[in-house]
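Please open the model in a viewer and keep the selection tool at hand.

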Amino acid sequence: MNIYLFWILFLSLWAVVPLMIIKGRVDESPKIKTSPEVKPQKKGWFK
């Protein structure tokens, strides 16, 4: 019985890991900006 449990866990691990890698790559593509960009203010006569 232990050998069946081993193969079930082993094959399920090989099925889950590539899905996690692919999902991680998809989540990385849209980059969410958490902090707003601060524009430097121009100093001088003409702003």
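**A nonpolar surface patch**

Begin by selecting I3, Y4, F6, W7, I8, F10, L11 and W14, which together make up a nonpolar patch on the surface with about 940 Å² of accessible area. Please bear in mind that the model is predicted.

Within this selection, pick L11, one of the residues of the patch. L11 belongs to helix α1, which covers residues 2–28. Is L11 buried or exposed? Its relative accessible area is 53%, and L11 is therefore classed as exposed, since the cut-off is over 50%.

**The whole chain**

Now widen the selection to the whole protein chain. Its secondary structure amounts to 1 helix and 0 strands. Of its 47 residues, 0% count as buried. If a surface is displayed, the accessible area of the chain comes to about 5600 Å², and carbon and sulfur atoms contribute 70% of this.

**The aromatic side chains**

Next, display the aromatic rings. How many aromatic pairs does a search of the whole structure find? The search gives 4. One of them joins F6 and F10 in a stacked arrangement, with 5.8 Å centre to centre and 20 degrees between the planes. Why are these two residues about one helical turn from each other? F6 and F10 are 4 residues apart in helix α1, so about one turn of the helix separates them.

F6 is partly exposed, at a relative accessible area of 43%. F10 is likewise partly exposed, and its value is 33%.

F10 and W14 are both in helix α1, 4 residues apart, or about one turn of the helix. W14 has a relative accessibility of 58% and therefore counts as exposed, the cut-off being over 50%.

To finish, select F6, W7, F10 and W14 together: ring pairs connect these residues into a cluster.

Technical notes
Residues are numbered from 1 along each chain as its sequence is written. This is a predicted model: local features need pLDDT of at least 70, side-chain atom pairs count only at pLDDT 80 or more; totals for chains, interfaces and linings use all residues. Side-chain values use heavy atoms; hydrogens and water are left out. Patches are made of residues with over 30% relative accessible area and no salt bridge: like charges are joined within 9 Å, nonpolar side chains (Val, Leu, Ile, Met, Phe, Trp, Tyr) within 5 Å. Accessible areas come from the Shrake-Rupley method with a 1.4 Å probe; for residues, only the protein chains shown count as cover. A salt bridge is a side-chain nitrogen of Lys or Arg within 4 Å of a carboxyl oxygen of Asp or Glu. Buried means under 20% relative accessible area, exposed over 50%, partly exposed in between (1.4 Å probe, protein chains only). Rings of Phe, Tyr and Trp (its six-membered ring) pair if their centres lie within 6.5 Å; planes under 30 degrees apart count as stacked, over 60 as edge-to-face and the rest as tilted.
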